[in-house]
Amino acid sequence: MAGQNLRLSGLHCKMADRSKVSSAREAMETLTEISKLLNTGLDSETLAICVKLCEAGVNPEALASVVQELRRETAALQNADEEEQRK
């Protein structure tokens, strides 16, 4: 009887884990769709990283500022490279 209860308990844990994974996947799919609707330019991987950082306690506004600054710097470097290639 005790062995059967342990097996049922293990099965319940596996089902709960699957449910959590399914919920997390659904949440990320929803966030990805919202991100696309808002034209954030974030791919799924980058969005997932941002979510994990926020869950770890990073200030979302500060994170958004960093993302914007990185985009500006990337654009500036690309422009500099293009100008250098023209010479």
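Predicted model: local features only at pLDDT ≥ 70, side-chain atom pairs only at ≥ 80, totals over all residues.
The protein contains 3 helices and 0 strands. Read from the N terminus, its elements follow the order α-α-α. Helix H1 covers 2–37 and helix H2 covers 44–55. Helix H3 covers 60–86. Of the 87 residues, 6% count as buried. The accessible surface amounts to about 7,500 Å². Carbon and sulfur atoms account for 57% of that surface.

The largest pocket was examined next. Its volume is about 330 Å³. The lining of the largest pocket comprises 16 residues. Thr40, Leu42, Leu47, Cys50 and Ala64 are the lining residues nearest the pocket centre. H1, H2 and H3 each contribute at least two residues to this lining. H3 contributes the most, with 6 residues. By residue class, the lining holds 12 nonpolar, 3 polar and 1 charged.

A nonpolar patch was found on the surface. Leu31, Ile34, Leu37 and Leu38 form this patch, which has an area of about 410 Å². Leu38 sits in the loop between H1 and H2. The relative accessible area of Leu38 is 61%. Leu38 is therefore classed as exposed, since the cut-off for that class is over 50%.

How values were computed. Residues numbered from 1 in each chain as written. Heavy atoms only, no water. Patch = residues over 30% accessible without salt bridge, like charges linked within 9 Å, V, L, I, M, F, W, Y side chains within 5 Å. Areas by Shrake-Rupley, 256 points an atom, 1.4 Å probe, with all protein chains shown as cover. Salt bridge = Lys/Arg side-chain N within 4 Å of Asp/Glu carboxyl O. Helix = DSSP H or I, 4+ residues; strand = E, 2+ residues; numbered from the N terminus. Buried < 20%, exposed > 50% of the residue type's maximum accessible area, 1.4 Å probe, protein only. 1 Å grid on protein atoms, 1.4 Å probe; cavity = no way out; pocket = protein on both sides within 12 Å on 5 of 7 lines; lining within 4 Å. Points joined across faces, edges and corners; volume = space filled by probe spheres on them. Nonpolar A, V, L, I, M, F, W, Y, C, P; charged D, E, K, R; others polar.
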